[in-house]
Amino acid sequence: MAPGLFKCVECNEDANELHRDYSNGILKITICSSCKKPVDKYIEYDPVIILIDATLCKIQAFRHILFNTEINIHWKLCVFCLLCEAYLRWALLQGSQSNDDPADIIRYTKEWEFYCMFALASLELAVFCIGVLFILWTAQCCSGSSVEFTPLLKALLLSSYGKVLLIPAVIWEHDFSPLCFSLIRLFVLTSNSQAIRVILNCSRGLSLLAVCGGLLLETWVAQALKTLQVCSQDYLSML
């Protein structure tokens, strides 16, 4: 990573390095010139500790991950999370249907339904991201600041890692599954909000406004698609 692109995890000040290499393999953590604390304490931490702090939505852990590491798995993580969400929707759809016909056409139909769920989840994620980015772009333009969409999009995708929890929630199905799904959704949205705060160094109110706006737009599009599907089914049944 190029010099000057590091951030202090405590005060968000720029830093040229995270540590200094001395002879005989001795490393000394760089001290921030602004807050007089280590620039990034997490370089000495085990990845499990970092993951726990990120799960607790600690802003220091988010700054370490988004600014001081070179994590480029956001697209792979995005696809995996979409597969998890598509599997959840597909499993709920299959649970509401009772058809034990082993014919190939039934199996192909079920497989096609999974692909449709994946496409729907992808569309809703795209709409959510567009809504969030548009609100942030509007707010930053009104304040005379510029917005870089690439780091924001990367932060949104990385902070959606909580969707992987949908798989165990489906596998260990119980009476509280709907509550679990709602809590997972709330956790993902909270992580999205924290990631926006870290990237833009903005207020909590703006990040929450952007996330809520994106969620409302996503919900509206999802309801519109459901209405369109119902209308098309009614129209076909009348033919």
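Mentor: Rings of Phe, Tyr and Trp (its six-membered ring) count as a pair if their centres lie within 6.5 Å; planes under 30 degrees apart are stacked, those over 60 are edge-to-face, and the rest are tilted. By this rule the structure holds six aromatic pairs. The rings of phenylalanine 134 and tryptophan 137 have centres 6.2 Å apart and planes at 35°, so this pair is tilted. The model is predicted: local features need pLDDT of at least 70, side-chain atom pairs count only at pLDDT 80 or more, and totals for chains, interfaces and linings use all residues. Residues are numbered from 1 along each chain as its sequence is written, and side-chain values use heavy atoms, with hydrogens and water left out.

Helices (H or I, at least four residues) and strands (E, at least two) are DSSP runs, numbered from the N terminus. Phenylalanine 134 is exposed, at a relative accessible area of 53%, and tryptophan 137 is partly exposed, at 39%. Here buried means under 20% relative accessible area, exposed over 50%, and partly exposed in between (1.4 Å probe, protein chains only). Elsewhere, Tyr87, Trp90, Phe114 and Tyr115 form one aromatic cluster.

Charged side chains also meet rings. A charge sits over a ring if NZ of Lys or CZ of Arg is within 6 Å of the ring centre and within 35 degrees of the ring normal. Lysine 7 lies over the face of phenylalanine 67, at 5.8 Å from the ring centre, and arginine 185 over that of phenylalanine 128, at 5.9 Å.

As for the packing, a nonpolar core is a set of buried Ala, Val, Leu, Ile, Met, Phe, Trp, Tyr and Cys residues joined through side-chain atoms within 4.5 Å. The largest such core has 38 residues, and those with the most contacts inside it include Leu66, Val132, Leu136, Leu152 and Leu200. Among the helices that each supply at least two residues of this core are H4, helix H5 (149-158) and helix H7 (177-200). At least three of its residues come from each of domain 1 (6-68) and domain 2 (73-238), with bounds taken from an automatic or database domain assignment. Leucine 200 touches Leu136 and Leu152, not counting residues up to four places away in sequence; contact means heavy atoms within 4.5 Å. A second, separate core of seven residues includes Leu166, Ala169, Ile184 and Val188.
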